[in-house]
Amino acid sequence: MKLASMSFVEFRSCHLLLGIVLALCFNQVSSTINETDRLALLAFKAGILVDPFGTLNSWNSSIGLCQWHGITCGRRHQRVTVLDLRSQGLSGSISPHSGNLSFLRELWLQNNSFNQEIPPQLSQLRRLRILLLANNSLVGEIPKNISGCSDLVILSLGNNELTGEILRELGSMPKL
């Protein structure tokens with residue numbers, strides 16, 4: 001059996017090729033993850049019936065979602081960490097697909113005209129720290145599973161048309 005020898009130039013070329021392949025694989029994985037956020041945001045946009053200021057006009061494929069109006073992404077993973085659409089005159093529903101924004105830490109939707117129920121899927125947002133839904137026209141009850149947002153520090157639901165009792169589980173949330 002003869003051992004194959006490799007020159008220094010061939011060795012460097014091999015490492016360069018491996019680096020390119022790894023970069024392409026990482027880019028593909030990153031794009032797939034970012035696609036989850038993009039689809040969730042487009043579903044959110046689809047639930048908006050009135051957008052008087054054209055706030056969501058930038059939510060399209062012409063620019064990356066991290067440059068969309070009201071969106072802040074984390075530097076490390078380029079995932080949506082903040083959705084801030086407060087006081088934009090938006091009317092419609094909050095999409096259940098918002099629960100797929102798994103890196104979301106802050107959801108600022110106060111002072112609009114959201115007029116459906118609070119989707120129970122928001123409880124999937126384990127990293128959510130701030131949930132501001134006050135001054136809308138939200139109806140129904142506070143989702144019983146909202147305590148799934150265990151990192152919640154601020155919860156503002158006032159001045160809506162919510163019914164039912166304040167959930168006992170809210171009192172047992174340690175950071176709230």
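This section describes the sheet, the aromatic pairs and the nonpolar core of a predicted model.

In general terms, the strands of a sheet pair through backbone hydrogen bonds, in either the parallel or the antiparallel sense.

Both senses occur around β3. Strands β2 and β3 run antiparallel and are joined by three bridges, and Thr72 stands opposite Val82 in β3. These two strands form a hairpin with six residues between them. Within the turn, Gln78 adopts a positive phi of about 55°. Towards β5 (residues 106-108), β3 is joined by three bridges as well, but here the strands run parallel; Asp84 stands opposite Trp108 in β5. The pairing of β5 with β7 (residues 130-132) is likewise parallel and extends over three bridges, with Glu106 standing opposite Ile130 in β7. Strand β3 (residues 80-84) is mostly covered, as four of its five residues are buried.

Turning to the aromatic residues, a search of the whole structure returned three aromatic pairs. One of them joins Phe44 and Trp59, whose ring centres are 6.1 Å apart and whose planes are at 40°, a tilted arrangement. Phe44 belongs to helix α1 (residues 8-46), whereas Trp59 is located in the loop between β1 (48-50) and β2 (71-73); the pair therefore ties together parts that are 15 residues apart in sequence. Both Phe44 and Trp59 are buried. Trp59 also pairs with Trp68: the ring centres are 5.4 Å apart and the planes meet at 20°, so this pair is stacked, given that planes under 30 degrees apart count as stacked. Trp59 has a relative accessible area of 1% and is therefore buried. Trp68, at 3% relative accessibility, also counts as buried. Ring pairs link Phe44, Trp59, Trp68 and Phe114 into a cluster.

A further arrangement involving an aromatic ring is found at Phe103, where the charged end of Arg127 sits over the ring, 4.1 Å from its centre.

The surroundings of Trp59 extend beyond its ring partners. With neighbours within four places in sequence left aside, Trp59 is in contact with Leu41, Leu42, Phe44, Lys45, Trp68, His69, Ile71, Leu83 and Leu85. The largest nonpolar core contains 36 residues, of which Leu41, Phe44, Trp59, Ile71 and Leu83 touch the most other members. Helix α1 and strands β2 and β3 each supply at least two residues of this core, and α1 gives the most, with three residues.

Note on methods. Residues are numbered from 1 along each chain as its sequence is written. This is a predicted model: local features need pLDDT of at least 70, side-chain atom pairs count only at pLDDT 80 or more; totals for chains, interfaces and linings use all residues. Side-chain values use heavy atoms; hydrogens and water are left out. Rings of Phe, Tyr and Trp (its six-membered ring) pair if their centres lie within 6.5 Å; planes under 30 degrees apart count as stacked, over 60 as edge-to-face and the rest as tilted. Buried means under 20% relative accessible area, exposed over 50%, partly exposed in between (1.4 Å probe, protein chains only). A charge sits over a ring if NZ of Lys or CZ of Arg is within 6 Å of the ring centre and within 35 degrees of the ring normal. Two strands pair if DSSP finds at least two bridges between them. A nonpolar core is a set of buried Ala, Val, Leu, Ile, Met, Phe, Trp, Tyr and Cys residues joined through side-chain atoms within 4.5 Å. Contact means heavy atoms within 4.5 Å.
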